[in-house]
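Take a look at the protein below. Follow the chain once from end to end before you read on.

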Amino acid sequence: MVECVAVLRELAGEDLGGLPDSAQLGRVEDWEEIVRVAQAGLAEAVGAVHRRGAVAYNGAPSTKAWLQGSLRMTSGEASALVDTARRLPVLPRFAGALSAGRVSFGHVKVAAWLARKVDAVDPDLVPVAEEMLFENAHRLSCSELRQIAKRILEHLLPAKDHPPEPERAIYLGQTYDDIWDLKGSLSPECGAMLQTYFATLPKPDPDDMRSAAERRHDALRDLIRHILDTGELPTTAGEQPHLTVLVHASDLRRTPAGRTVLADTPVSAPDTPLPEILVRPDDEWPLDTGEQEWVTDWDWDVVTDWLTDPQHQPQPATPTGNHPDTGP
C-alpha cells in the first residue's frame with residue numbers, strides 16, 4: 001500500500017503542459033477511474049471495520065464517530081460512507097462496477113439508499129431493486145439515478161391506502177446528503193402570517209447572490225433559531241441548551257486579587273493629592289467667583305492602582321499637626 005501511494009504521488013506531480021489536448025483529457029479520465037477504485041477500496045475497508053467493531057481499539061463509540069474524529073469527515077460524509085459500506089455486500093453489481101471504475105461512489109450511494117428502503121419492508125426485494133437500478137446506472141448521472149431509484153421504490157412498494165390528506169399538514173423528512181425535504185399545506189391564517197413575515201424582510205443587498213427562494217429559506221431558519229434561543233419553549237425536547245450564571249453582589253465588588261473596586265459605603269477622599277492624570281480643568285462651567293472648577297474624570301483602574309500603592313498611603317500626623325506636603 002505504501003508503494004502504491006508513492007507511485008500515485010509521483011504521477012500526480014507529472015507536468016501535463018506539454019501534452020496535447022486529447023492526452024490531457026485522457027489523464028482526467030484516468031484519474032477519475034483511480035478515484036473510483038480508491039473509493040471502492042475505502043468502502044470495503046470501512047465495511048470490514050464496521051462489521052468487526054475495530055474502532056473500539058481507539059476508544060471510538062462508533063464507526064461514524066471515528067471517521068469524523070480521525071479523518072475529519074463531516075457528519076453527512078461519515079454517515080453516507082458507513083451506510084454505503086454496510087450495503088455493499090447486498091449490492092454485488094454496484095460493488096463490482098465501482099471497483100472496475102465504471103460507476104462513481106455517488107451512484108453506489110443511491111443504490112445503498114434504495115436497498116435500505118426496500119430492506120425495511122421486504123428484504124427479498126433488494127436484489128430485484130438493484131437489478132432494476134443497475135441496468136442504466138452507467139449511462140445516468142447521480143441526480144438522474146436518484147429519480148429512477150424513487151420510481152423503483154414506488155413500483156416495488158406501492159403506497160398503502162391512506163385517509164384523505166388533511167387541509168393543513170407539514171411533512172419533514174431527511175433525504176440525500178443530509179438535505180431535509182419540507183412539504184405540506186398551510187391553513188389560510190398560517191399562510192397569511194408566514195407571507196406577512198416574508199414581506200417584512202428587507203430588500204436584498206445588490207451584492208447578495210441568493211435567489212428569492214434561498215432568502216426565504218434563510219429567513220425561516222433565522223426565525224426558528226430565534227424561537228429556540230428565547231428559552232420560552234417546553235423544557236423537554238425542543239429547547240437548545242442555555243446556561244444561567246448567578247453571581248453574588250459581593251463577588252462583583254472585588255477583583256480576583258481581593259481588591260475592592262465597589263465599596264458598600266462611600267470611600268472618603270484620600271489625604272494626599274490625586275495625580276494630575278485623574279483630574280482635568282473644565283472651562284465650560286465657570287464659577288461665579290471667577291475661580292476655575294476642577295471636574296474629576298475617573299479612570300478606575302488608575303485610581304485603584306494609585307490607592308493601593310504603598311507610597312500613597314496616608315502618613316501619621318506629625319507632632320506639630322502639619323501635613324508634610326500640604327501644611328497645617
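Predicted model: local features only at pLDDT ≥ 70, side-chain atom pairs only at ≥ 80, totals over all residues.

Residues are numbered from 1 along each chain as its sequence is written, and side-chain values use heavy atoms, with hydrogens and water left out.

Start with the whole protein. Its secondary structure comes to 12 helices and four strands. Helices (H or I, at least four residues) and strands (E, at least two) are DSSP runs, numbered from the N terminus. Of the 328 residues, 18% count as buried. Buried means under 20% relative accessible area, exposed means over 50%, and partly exposed is in between (1.4 Å probe, protein chains only). The protein exposes about 24500 Å². Carbon and sulfur atoms supply 56% of that area. Accessible areas come from the Shrake-Rupley method with a 1.4 Å probe; for residues, only the protein chains shown count as cover.

Now go inside. In soluble globular proteins, nonpolar side chains tend to be buried together. The largest nonpolar core here has 34 residues. Such a core is a set of buried Ala, Val, Leu, Ile, Met, Phe, Trp, Tyr and Cys residues joined through side-chain atoms within 4.5 Å. Leu67, Phe94, Leu114 and Leu133 have the most contacts inside this core. Helix H6 (105-119) is among the elements that give two or more residues to it. H6 gives the most, with nine residues.

Which residues does Leu133 touch? Contact means heavy atoms within 4.5 Å. Leaving aside neighbours within four places in sequence, the partners of Leu133 include Phe94, Val110, Leu114 and Ile152.

Is Asp83 buried or exposed? Asp83 lies in helix H4 (residues 75-87). Asp83 counts as buried because its relative accessible area is 16%. Not counting residues up to four places away in sequence, Asp83 touches Ala112 and Arg116.

Helix H8 holds Gln147. Gln147 is partly exposed because its relative accessible area is 42%.

Ile170, Leu172, Trp180, Leu182 and Leu186 make a nonpolar patch of about 550 Å². Like charges are joined within 9 Å, and nonpolar side chains (Val, Leu, Ile, Met, Phe, Trp, Tyr) within 5 Å. Trp180 is found in strand S2. Trp180 counts as exposed because its relative accessibility is 51%.

Note on methods
Patch = residues over 30% accessible without salt bridge, like charges linked within 9 Å, V, L, I, M, F, W, Y side chains within 5 Å. Salt bridge = Lys/Arg side-chain N within 4 Å of Asp/Glu carboxyl O.
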